Amino acid sequence: MWIYVLKRLLQGIVTVWFIATATFFAMHNVPGDPLLNDRAVSEAIRINLEAKYGLDQPIGTQYLIYLGNLVQGDFGISFTQENREVNDIIREHFPISAILGVLAVVFAAAGGILFGALTAIYRNRLPDYIIMLLVILGISVPSFVIAALSQLTLVTLNSAVGATILPVAGWGTILHMLVPALVLGLGTMAYLTRLMRSSMLEVVNSDFVRTAKAKGVPPARIFTKHQLRNAILPVITVLGPSIAAITTGGFVVELVFAIPGLGRYFVQAVQQLDYTVIMGTTVFYGAFLVFMVILVDLLYGFIDPRVKLEK
Amino acid sequence: MQDASSTEAGTTMDTDSNFATSAGKQLGLYALYALFGLSVLIYVLSVAAGSSGGSVSGGAINIERNSITIVLTEEPPQLDSTRSTDAVSFIVLAHAMEGLIAYDDNDQLTPGVAERWEIRDDGATFWIREDAKWSDGQPVTAYDFEFAWRRVLDPATASEYSFILYPIKNAELVNRGDLPKEMIGVRALSDRVLEVEFERSTPYFDKLVAFNTYYPLREDFFESTNGRYGADADMLLSNGPYVVTEWIHGSSMLWKKNPYYWNDQKGFLDEIVTAYITHDVNAKLNLFKDGQIVETSLIAPMLPTAMEQRWQIDRFMDGSLFFLEFNHRENRITGNWNFRRALQLAQDPSELVYKVLKEASYLPAQSLFPVWIQGIKEAFRKEYPAPEHKIDVERAREHLELARQELGLEEFPPIILLSGDSPLSLLAGEYYQELYKQNLGLELRIDAQIFKQRLAKMTSGEFDIVMAGWGPDYFDALTFGDLFASWNLNNRGHYRSEEMDRLVSIGRSELDPEKRMDAFGDIQQLIHEDVVIIPMYERGISFVVDPRLKGFKRRSVGPDVDYSYAFIDTTED
């Protein structure tokens with residue numbers, strides 16, 4: 001077991017290194033110049049700026065310096081916010097994205113599993129049709145539309161009541177989090193519902209369920225022990241990457257609801273060619289994603305007795 | 001998966017529905033568990049979120065606390081005034097700092113830290129007021145300006161706005177690293193007298209010193225921050241009407257009234273809360289509707305909503321001019337005058353603004369000099385009317401034919417129109433593409449690029465025409481007037497003309513206001529005659545303010561939102 005964990009961690013490190021390297025070279029080959037700004041600067045200032053960010057070195061040297069700093073956990077200083085370290089940006093803003101992400105994933109998982117199971121139980125009956133229609137909407141309507149619509153709904157609701165029931169935007173209390181998290185988790189919830197429904201249906205007709213029924217096991221116990229527990233496995237498989245995807249993909253929701261998360265930096269850095277922030281956020285998110293995948297694989301060992309983590 | 005149960009549906013229907021009922025009950029139980037777990041989790045997360053900092057606001061206007069809540073479009077990137085270059089940092093600094101001279105609520109110069117000043121041919125003297133104080137109670141001295149300006153010009157600082165200090169003697173040489181920084185022509189004679197020597201006579205220097213880069217900086221405080229000056233609330237020392245007391249990055253700021261500020265005609269609010277940071281215009285509108293912020297800008301599609309709500313819609317020119325800039329480099333087709341003339345004659349900016357862009361607050365541009373620029377006594381454009389322009393497709397075609405002959409071309413190759421990637425620039429780009437195809441049979445190829453890449457291509461000259469824009473730095477015609485001087489690095493189309501250089505030199509240094517303005521009048525004419533650019537539009541912004549807030553100011557030059565004269569009107573309901 002521990003050898004397996006170690007092996008996976010080493011693989012993870014190689015993956016992160018690969019992500020760092022690919023991002024580094026891709027970024028330097030993106031057309032455009034990070035140091036150009038509205039007002040043109042003279043050659044002398046340009047040279048000083050290049051020296052400050054180490055852009056005067058050949059690209060190979062820059063890469064080695066970068067890797068050296070990365071090993072020490074130093075991502076450097078942002079190009080656009082010149083007196084903030086990328087480490088500070090990640091440290092201050094990732095927890096916010098993470099809190100929002102965790103809540104969104106919990107919404108998504110709880111909703112997905114419950115609705116999935118519900119549709120499977122009532123297959124081809126009214127609840128099934130209604131939920132599956134909503135699922136299709138949830139998957140196909142992009143999150144910026146849902147975000148904008150739900151915000152508009154909040155405004156209308158608040159003005160109808162004449163008081164602020166739920167805040168329209170901002171961050172700080174539980175009330176600020178509910179709607180953004182729901183919006184953020186909606187796509188995943190829809191996806192998980194479908195997944196759960198199909199895997200439930202598969203299990204429903206399996207031999208062991210029929211055997212259990214024949215043995216006269218109480219229905220509630222069959223449902224929990226034999227159906228739900230088996231059907232949930234594929235859902236857990238995708239849950240890990242989903243957590244990473246939701247936590248990293250909150251850009252639109254963070255923008256609309258004015259939430260100070262990391263997603264904004266992740267996207268804006270690319271638009272502004274802020275090299276250090278691009279590298280910092282990408283490597284960080286990459287490592288986070290890799291870690292989540294490993295974690296899910298380990299969890300499998302506990303949930304599914306057929307999976308053994310020896311090899 | 002297969003639908004196996006339907007085959008056995010008839011026989012097992014009864015047991016199936018039994019099963020469904022009890023499974024459904026079980027599921028309902030789980031749903032209850034989930035709900036309970038969720039509420040516990042929400043509680044835990046909210047505690048965690050509280051510790052990670054947030055923006056709790058008490059509505060747009062809080063009369064008891066005498067405070068207002070506003071939104072910023074982005075996190076201020078640089079609050080070190082010697083290095084900041086962007087609009088949001090300028091806004092924050094305009095409230096936290098004060099230069100020697102400031103603009104009042106009518107855009108007129110008014111004494112700032114300097115109680116009086118004298119501008120001569122060869123230099124200037126500023127007398128610092130005795131009661132100007134930093135937010136820690138220490139007096140603002142002439143040395144603070146000397147230190148700040150030397151730091152701006154120090155090559156190691158790499159300040160991108162250093163050029164704005166170049167009228168000071170030796171500034172440019174020091175900034176290039178050719179002279180030590182002690183040689184800069186600025187000297188504090190005493191705590192209260194600042195002496196400036198000019199490189200050349202600079203009659204508009206009083207307008208320059210109001211600019212962000214000229215703000216003071218106190219040496220001992222700056223050194224104590226260990227290179228993190230302006231990075232956090234406690235790393236910033238203020239001498240303006242407000243002090244940044246809290247700053248949660250990316251989320252919110254709190255500006256409190258500076259108790260040591262000298263001017264009782266400014267800074268009426270006790271607190272300004274910037275509770276939200278987002279550039280999403282719809283989110284801002286929603287916040288305004290919900291009564292959470294005092295002011296927001298409106299784009300064209302929002303105007304009907306605003307009218308439905310019976311809001312008082314205000315409008316102002318934000319100062320920026322947008323234009324088609326030609327690539328005047330020699331190997332380019334656009335280097336040919338007849339070609340440029342043809343393009344000029346075949347278009348009409350009012351059609352662009354009124355029929356295509358449809359932004360109610362935009363103005364069709366007629367000149368390099370926007371309507372709000374001041375002349376000698378009145379508006380510049382009143383004293384020096386913009387050149388007449390009428391669309392004339394016939395003559396445009398004649399000029400195009402001449403150009404074709406001069407260039408020795410069979411037919412014109414596709415012309416590259418470099419543009420930004422915003423919806424508005426794409427719209428304008430498509431308009432010109434269609435216009436020149438119909439009127440002149442020319443093919444325009446649109447090259448839409450993100451900001452940094454557009455700048456890179458502009459700088460290296462990889463375009464024929466570029467949709468460019470320019471915003472003013474100071475309240476003087478020269479901020480637009482010197483744009484096409486051969487030495488100006490922002491002249492990215494490389495327009496070169498001795499006549500232009502001569503006129504700009506007069507505009508920079510002539511002490512006689514009439515002769516000086518005449519030069520700008522001639523520049524306006526030359527830009528039109530030589531078709532250096534084709535003016536597109538002057539940008540205006542529609543916005544709404546909470547009616548209880550008075551004295552709020554938006555400016556064409558300088559910080560675009562200014563609350564330093566704002567106060568809450570408690571008389572009306």
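Let's start where two chains meet: A:Arg39 sits over the face of B:Trp470, 3.8 Å from the ring centre. A charge counts as sitting over a ring if NZ of Lys or CZ of Arg is within 6 Å of the ring centre and within 35 degrees of the ring normal. This is a predicted model, where local features need pLDDT of at least 70 and side-chain atom pairs count only at pLDDT 80 or more, while totals for chains, interfaces and linings use all residues. Residues are numbered from 1 along each chain as its sequence is written, chains are lettered from A and ligands numbered from 1 in the order in which they are written, and side-chain values use heavy atoms, with hydrogens and water left out.

**Where the chains touch**

How many residues does each chain bring to the contact? Chain B gives 80 residues and chain A gives 76 residues, with contact meaning heavy atoms within 4.5 Å. Together the two chains bury about 6,400 Å², and 61% of that is on carbon and sulfur atoms. Buried area here is the accessible area (1.4 Å probe) that two parts lose on being put together, summed over both. B:Phe19, B:Glu160 and B:Lys452 supply 11% of the area that chain B buries against chain A, more than any other three residues.

The rule also finds 19 residue pairs in polar contact across this interface, both residues at pLDDT 80 or more. A polar contact is a pair of N or O atoms within 3.5 Å; within protein, one must be able to donate a hydrogen and the other to accept it, and residues adjacent in sequence count only if both atoms are side-chain atoms. On the side of chain B that touches chain A, helix H1 (9-51), strand E11 (271-277), helix H7 (281-289) and helix H14 (451-460) of chain B each supply at least two residues. H1(B) gives the largest share of that side, with 19 residues. Helices (H or I, at least four residues) and strands (E, at least two) are DSSP runs, numbered from the N terminus.

**Opposite charges**

Side chains of opposite charge can pair when their charged atoms come close. The cut-off for a salt bridge is a side-chain nitrogen of Lys or Arg within 4 Å of a carboxyl oxygen of Asp or Glu. The structure holds 39 salt bridges over all chains, and two are found across the interface of chain B and chain A. Here are some of the 39:

| Salt bridge | N to O distance |
|---|---|
| B:Glu75 and A:Arg84 | 3.3 Å |
| B:Arg192 and B:Glu130 | 4.0 Å |
| B:Arg554 and B:Asp560 | 2.8 Å |
| B:Arg340 and B:Asp530 | 3.7 Å |

Why does the pair of B:Arg340 and B:Asp530 tie together parts that are 190 residues apart in sequence? B:Arg340 lies in helix H9 (residues 337-345) of chain B, and B:Asp530 lies in the loop between helix H17 (513-529) and strand E18 (533-545) of chain B, so the pair bridges that stretch of sequence. B:Arg340 is buried at 4% relative accessible area, whereas B:Asp530 is partly exposed at 23%. (Buried means under 20% relative accessible area, exposed over 50%, partly exposed in between, with a 1.4 Å probe and protein chains only.)

B:Arg554 is buried at 11%. B:Arg554 also lies over the face of B:Phe543, at 5.2 Å from the ring centre.

**Ring meets ring**

A pair of aromatic rings is described by the distance of the centres and the angle of the planes. Rings of Phe, Tyr and Trp (its six-membered ring) pair if their centres lie within 6.5 Å; planes under 30 degrees apart count as stacked, over 60 as edge-to-face and the rest as tilted. There are 43 aromatic pairs over all chains. One of them is the tilted pair of A:Phe25 and A:Tyr63, at 5.1 Å centre to centre with 45° between the planes. A:Phe25 is in helix H1 (residues 2-29) of chain A and A:Tyr63 in helix H3 (residues 59-71) of chain A, so this pair ties together parts 38 residues apart in sequence. A:Phe25 is partly exposed at 32%, but A:Tyr63 is buried at 12%.

Over in chain B, B:Trp372 and B:Phe475 pair edge-to-face, 5.6 Å centre to centre and 75° between the planes. Both B:Trp372 and B:Phe475 are buried.
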